[in-house]
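Please open the model in your viewer and keep the selection panel at hand.

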Amino acid sequence: MTATSPRPRLPFSGWHLLLAPLALLFAVPLLWLLVSSVMSNAEINRFPPALWPSHLDFGGYRYVLGNAMFPRWFANSLIVSLVAVVSNLVFGALGGYAFARMRFGGSRVVLGLMLATMAIPFQLTMIPTFLVMKRLGLIDTLGALIVPSLVTPFAVFLLRQFFLSLPRELEEAAWIDGCSRLRVLFLVVLPLSRPALATVAVLTFLTTWNDLTWPLIAINHDTQYTLQLGLTTFQGQHHTKWSAVMAGNVLTVLPVLLAFLGAQKSFIQSITSSGLKG
């Protein structure tokens with residue numbers, strides 16, 4: 001018998017033949033946004049639309065960056081997003097660890113009620129939230145955007161699931177050495193939970209940075225606008241400077257894209273690990 005030659009293998013997974021075209025399909029809107037940002041208004045409004053600019057026109061970027069309020073809007077968005085990220089990491093870790101390792105009366109009921117709030121659409125809670133913020137005197141301030149985002153049920157739940165996947169023996173060894181629960185959490189558990197923490201940070205940043213509905217309700221003065229809210233001022237009732245809108249959106253997307261690419265590996269690792277144990 002003659003030995004059969006081994007079948008040639010692809011240098012990549014066969015799934016890439018399906019996933020690569022899908023990735024390109026999902027990237028089309030982002031590529032179109034980037035191309036449109038260097039077009040003139042005439043080319044953007046032309047029908048049929050131009051697929052490629054006849055020449056690079058950076059008038060939209062000059063208009064956006066030359067707007068005196070744009071740096072203020074960018075700073076407002078950055079402040080709100082970073083505070084929300086830090087607070088969700090701290091409070092989410094405390095709540096998640098309590099639900100994962102501590103047993104107290106009604107803990108499962110409280111956890112169930114907290115998770116049930118994730119199914120309530122924001123449209124049902126925005127009026128009560130607005131009234132609470134008004135009573136606190138926070139309307140038309142950055143505090144009105146920060147306080148409702150200090151902690152989310154998703155952050156608590158995701159960290160709880162990740163904590164459940166960690167071996168208890170590490171914590172018990174720290175307890176024997178005399179560590180309190182808080183020291184165990186901050187010195188033992190959290191250093192092992194970097195993938196989950198990175199995931200919470202990225203998702204919180206994405207949600208807060210891209211939010212438009214709540215700032216539109218809670219903020220009235222342009223000095224308190226976030227970046228998303230400020231970009232709406234480039235669109236008028238009778239005329240829209242589309243090159244500025246596209247350029248502004250490119251500048252808005254860049255921090256989000258960089259944050260996701262920087263934490264992509266941790267994001268995938270956390271989603272995989274947090275589903276091991278319920």
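The stops that follow concern a pair of packed helices and a salt bridge in this predicted model.

**First stop: two helices.** Select residues 70-101, which form helix H4, together with residues 153-164, which form helix H8. The two pack with their axes 7 Å apart, at an angle of about 50°. That angle makes H4 oblique to H8. Viewed as a crossing, the arrangement of H4 and H8 is right-handed.

**Second stop: the contact.** Display the side chains on both helices. On H4, select Asn 88, Leu 89, Gly 92, Ala 93, Gly 95, Gly 96, Tyr 97, Phe 99, Ala 100 and Arg 101. On H8, the partners in the contact are Ala 155, Val 156, Leu 159, Arg 160, Phe 163 and Leu 164. Sorted by class, the contact of H4 with H8 comprises ten nonpolar, four polar and two charged residues.

The side chains of Arg 101 and Glu 171 form a salt bridge, with an N to O distance of 2.8 Å. The structure holds one salt bridge.

**Last stop: the surroundings of the pair.** Are Arg 101 and Glu 171 buried or exposed? Arg 101 is buried, with a relative accessible area of 7%. Glu 171 is likewise buried, at a relative accessible area of 3%.

Note on methods:
Residues are numbered from 1 along each chain as its sequence is written. This is a predicted model: local features need pLDDT of at least 70, side-chain atom pairs count only at pLDDT 80 or more; totals for chains, interfaces and linings use all residues. Side-chain values use heavy atoms; hydrogens and water are left out. Axes are lines fitted to C-alpha atoms, for helices over the stretch in contact, and angles run from 0 to 180 degrees between N-to-C directions. Helices (H or I, at least four residues) and strands (E, at least two) are DSSP runs, numbered from the N terminus. Angles under 35 degrees count as roughly parallel, over 145 as roughly antiparallel, 65 to 115 as roughly perpendicular and the rest as oblique. A crossing is left-handed if the near helix is turned anticlockwise from the far one by less than a right angle, and right-handed if clockwise. Contact means heavy atoms within 4.5 Å. Ala, Val, Leu, Ile, Met, Phe, Trp, Tyr, Cys and Pro count as nonpolar, Asp, Glu, Lys and Arg as charged, and the others, Gly among them, as polar. A salt bridge is a side-chain nitrogen of Lys or Arg within 4 Å of a carboxyl oxygen of Asp or Glu. Buried means under 20% relative accessible area, exposed over 50%, partly exposed in between (1.4 Å probe, protein chains only).
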